[in-house]
Amino acid sequence: MAYEAMSFDHLLGMPGLSDTLLKNHFTLYQGYVTNTNKALETLDRMQKEGRADSMEYQEVKRHLGWEFDGMRVHEYYFSNLGGSGNPDEASDLKAFIGDQFGSYEAWEMDFRATGSVRGIGWAILYQDTLSGRLLNFWINEHDKGHPAGCTPILVMDAWEHAYMLDYGIKRAGYIDAFFRNINWPQAQTRVNFQLARMAQPGAR
Ligand SMILES: [Fe+2]
């Protein structure tokens, strides 16, 4: 069954990110979906043709992670935008972040620093599904380096196409805009709070 591109048109009009930038970004995302389907179809066809031991098959196999991860991280990213930017003071996720990082503010400082790493990539807050704890990671190109067994909770695209049209090389302005538009209720749906209890201080 083919993957279908999700619509994120409801994000148009967000403060701090122009419609032109967002529409270009949606088109890039749709390209990942198209190419994920193409790669999967090609692999399936080559397997049926008995060509699974060919160099061509192996190259498409290597390339699949690039297209699939590009599709999926953009879906996490766009889905965790479109909100008010302010986590509800009483939200379980805000409390969990505070427990894990000392305070919500300490987490935000670290996430902003993570997103400011020089080069292209992603800042991602993950939950480790074995220990339950939260971790901020910098991911370079998205087909490599994701921490095994961790669930993305909050994803920020830090590739130049995510901000240069509006902010030039001033990534800090883009990070401010990202924070103004975080959809915290959506991010909270990604957290396993049963596991989170294991990770809280005193519960180990
Ligand atoms: Fe992107």
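Helices (H or I, at least four residues) and strands (E, at least two) are taken here as DSSP runs, numbered from the N terminus. The structure is a predicted model, in which local features need pLDDT of at least 70, side-chain atom pairs count only at pLDDT 80 or more, and totals for chains, interfaces and linings use all residues. Residues are numbered from 1 along each chain as its sequence is written, and side-chain values use heavy atoms, with hydrogens and water left out.

The iron ion has as its protein donors His25 (NE2), His74 (NE2), Asp157 (OD) and His161 (NE2), at 1.9 to 2.2 Å. Donors here are N, O and S atoms within 2.8 Å of the metal (3.2 Å for Na, K and Ca), and sites may look incomplete because water is not among the atoms. Along the chain, the donors of the iron ion are spaced as H-x48-H-x82-D-x3-H. His74 belongs to helix α2 (residues 55–79), while His161 sits in the loop between β3 (150–157) and α5 (164–167), so this pair ties together parts that are 87 residues apart in sequence. His74 is buried, its relative accessible area being 0%, whereas His161 is partly exposed at 27%. Buried stands for under 20% relative accessible area, exposed for over 50%, and partly exposed for values in between (1.4 Å probe, protein chains only).

The geometry of the iron site is irregular, with angles of 86 to 140° among the 4 donor atoms.

Attention now turns to the helix packing. Helices α3 (residues 92–101) and α4 (residues 104–115) pack at an angle of about 80°, and their axes are 7 Å apart. Axes are lines fitted to C-alpha atoms, for helices over the stretch in contact, with angles running from 0 to 180 degrees between N-to-C directions. This makes α3 roughly perpendicular to α4, a label for angles of 65 to 115 degrees. Lys94, Ile97, Gly98 and Phe101 of α3 meet Tyr104, Ala106, Trp107 and Asp110 of α4, where contact means heavy atoms within 4.5 Å. These residues divide into 5 nonpolar, 1 polar and 2 charged; Ala, Val, Leu, Ile, Met, Phe, Trp, Tyr, Cys and Pro count as nonpolar, Asp, Glu, Lys and Arg as charged, and the others, Gly among them, as polar.

Within α3, the buried residues are Leu93, Lys94, Phe96, Ile97 and Gly98. Their cover includes α4, β1 (122–128), β2, β3, α7 (184–188) and α8 (193–199). After α3 comes Gly102, with a positive phi near 95°. In helix α6 (residues 171–180), the buried residues include Arg171, Tyr174, Ile175, Ala177, Phe178 and Phe179, and what covers the buried residues of α6 includes α2, α4, β2 (134–139), β3 and α5.

Several further positions round out the picture. Ser116, in the loop between α4 and β1, is partly exposed at 43% relative accessible area. Leaving aside residues up to four places away in sequence, Ser116 touches Arg171 and Ile175. Ala148 lies in the loop between β2 and β3 and counts as exposed, at 76% relative accessibility. His63, in helix α2, is partly exposed at 38% relative accessibility.

Note on methods. Four donors count as tetrahedral if all angles lie between 85 and 135 degrees; four count as square planar and six as octahedral if opposite donors are over 155 degrees apart and all others between 65 and 115; anything else is irregular. Angles under 35 degrees count as roughly parallel, over 145 as roughly antiparallel, 65 to 115 as roughly perpendicular and the rest as oblique.
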